[in-house]
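Keep the sequence and the 3D view at hand while reading.

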Amino acid sequence: MGRIFLVWLLRTCGCIALLSACAWAEAADWIWSARYVITMDAERRVIEHGAVAIRADSIVAAGSKSEIDRRYQPKQRLDRPDALIAPGLINTHTHAPMVLLRGIADDLRLQEWLEKYIFPAEARNVTPEFVRWGTRLACLEMLLSGTTTFTDMYYFEDVIAETAKECGMRGVLGETIIGFPSPDAKTPADSLRLTETFMQRFRGDPLITMAPAPHAIFTNSDETLKQARALADRYSAPLLIHLSETKRENDETLAKRGRTPTAALDALGVLSGRTVAAHAVWVDDADLNILRERRVGVAHCPSSNMKLASGAAPVAKMLTLNIAIGLGTDGPAGSNNDLNLFEEMDLASKLQKLVTSDPQALPARQALEMATIGGARALGLDKQTGSLEPGKRADLITVRLDRPNAVPLYDVYSQMVYALKGSDVQDVMVNGRIVVRDAQPLTIDQNQVLAKAREFGRKVAESLKAK
Ligand SMILES: [Zn+2]
């Protein structure tokens, strides 16, 4: 009798223990696990045999797989024992629809490239439909290579926002404001009005931040620049601008205004709110101080700067000043010609080593920081994305570690920046929604987009033949 009671007692207690364990396990929508989790959190934790728990649009925990499995009961899971998990990559500067002009003319000086090819091709081809299909192609390329957030400057930016949402990407999207007639506005005043309409329309959107994007200091009047700043401030949005990309821009601004582009923009008050400046190649120490004091985010675009022979931005110096720097692909028509942030990480690091003659300049971890949390800081999105931490939006990727270029592995940062490729990306989640699984896009019809892009390519080529 005593023995039967003991067995009964043990069974009951066992059931209670099991029930309690289930009751304690919190609900989650997803658990993603992998051989390594690169968190990019404040301690820069890399967790071997790690996992991330996701509920709705957010990360609820990142830790060891055993701990996460104990604490969370997921509806779905993705286990990748031969991959790593990293934050989704952040492209801080591009012109997405220009993928449809990819490689239209290469190996030219910027002015000749713009005047002979880009401006005529844009004038004859850029319509809302061109922008929509171009953005679909760009989002496809970005998502498949691990980019979850992109920063854009183009025309018909509302169409870009609609398309980014449809593809499930996060975007900081700047409507271009420029001092001559553009594909969607006759005057800068029209552009400003259009920008405000877009900002109103997408206000509070979980994926989209709309922004004014005055093209540069030398293509806008002082009055337009000031109005763009005021508009950005009214909507607590960033202002996007090209800054000191070429020596010519600097020389001409100095001759005209007696100030560098950075000092001139600062004198106009343009840098007094959140600003994302693309390139910042030709900046001196005084400029760097202004960028630091005004907390301007910098979008460093190494491929573009090298391809157009613009120069090398003093990135190592910017980092010592704690200026927020992200990476951008720029392009993709002729200044890159792709949207692959793995290449930008690799080139950013190598370019700094070359120009400083110091192999320790911009080590792998710093390059990955620029592509993730640094980019988020530059955009003012670091509370939302850029690292894998509880409370942040679930923007994450897995990258395969079972390809020839991935073995053996001694250091995950070094592997990520110098050895892995965009094509090694396997799965992508943005804002809690899985958008790429097993290297297949789930939100974009790949065959249809490629066919349409080829069709646009033929039209563009035809349009350039017509005089
Ligand atoms: Zn650009």
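In this predicted model, the lining of the largest cavity is made up of seven nonpolar residues, three polar ones and one charged one. The residues in question are Thr92, His93, Thr151, Asp152, Met153, Leu240, Ile241, Val276, Ala277, Ala278 and Ala299. The volume of the largest cavity is about 40 Å³, and the count of cavities of 30 Å³ or more comes to one. As for how such spaces are found, rolling a probe the size of a water molecule over the atoms shows where empty space is left.

The largest pocket has a volume of about 940 Å³. Its lining consists of 41 residues, and those nearest the centre of the pocket are Leu110, Leu114, His215, Phe218 and Glu245. Helix H3 (110-125), strand S6 and helix H8 (247-257) are the elements that give two or more residues to the lining of this pocket. Helix H3 contributes the most, with eight residues. By type, the lining of the largest pocket divides into 18 nonpolar, 14 polar and nine charged residues.

Next comes the metal site. Which residues coordinate the zinc ion? The donors are His93 through NE2, His95 through NE2, His242 through NE2 and Asp330 through OD, at 2.1 to 2.4 Å. His93 is also one of the residues that line the largest cavity. Along the sequence, the donor residues of the zinc ion follow the spacing H-x1-H-x146-H-x87-D. Within this set, histidine 242 and aspartate 330 link distant parts of the chain, being 88 residues apart. Histidine 242 belongs to strand S9, whereas aspartate 330 sits in the loop between strand S12 (325-327) and helix H13 (341-356). Both of these residues are buried. The angles among the four donor atoms of the zinc ion run from 84 to 172°, and the site is irregular. For reference, ideal angles at a metal are 109.5 degrees for four tetrahedral donors.

The loop that holds aspartate 330 also contains proline 332, between S12 and H13. Glycine 331 and proline 332 are joined by a cis peptide bond, with omega of about 5°. A cis peptide bond also joins valine 407 and proline 408, where omega is about -10°. Proline 408 is found in the loop between strand S13 and helix H16 (412-419).

The cysteines can be taken next. How many disulfides does the count come to? The count is zero. Cysteine 139 is in no disulfide, and the nearest cysteine sulfur, which belongs to cysteine 167, is 4.1 Å away. A disulfide would need the two sulfur atoms to be within 2.5 Å. Cysteine 139 has a relative accessibility of 0%, so it counts as buried. Cysteine 301 is likewise in no disulfide; for this residue the nearest cysteine sulfur is that of cysteine 139, 18 Å away. Cysteine 301 is buried too, with a relative accessible area of 0%.

Histidine 49, in strand S2 (residues 46-55), has a phi of about 50°. Is this residue buried or exposed? Histidine 49 counts as exposed because its relative accessibility is 51%. Serine 236 has a phi near 50° and lies in the loop between helix H7 (222-234) and strand S9. Its relative accessibility is 71%, so serine 236 counts as exposed.

Two further positions complete the tour. Threonine 385 lies in the loop between helix H15 (373-379) and strand S13 (396-400), and it is buried, with a relative accessible area of 1%. Threonine 385 and aspartate 395 are 10 residues apart along the chain, and 6.7 Å separates their C-alpha atoms. Leucine 354 is part of helix H13. With a relative accessibility of 64%, leucine 354 counts as exposed.

Methods
Residues numbered from 1 in each chain as written. Predicted model: local features only at pLDDT ≥ 70, side-chain atom pairs only at ≥ 80, totals over all residues. Heavy atoms only, no water. 1 Å grid on protein atoms, 1.4 Å probe; cavity = no way out; pocket = protein on both sides within 12 Å on 5 of 7 lines; lining within 4 Å. Points joined across faces, edges and corners; volume = space filled by probe spheres on them. Nonpolar A, V, L, I, M, F, W, Y, C, P; charged D, E, K, R; others polar. Donors = N, O, S within 2.8 Å, 3.2 Å for Na, K, Ca; no water. Tetrahedral: all angles 85-135°; square planar, octahedral: opposite > 155°, others 65-115°. Helix = DSSP H or I, 4+ residues; strand = E, 2+ residues; numbered from the N terminus. Buried < 20%, exposed > 50% of the residue type's maximum accessible area, 1.4 Å probe, protein only.
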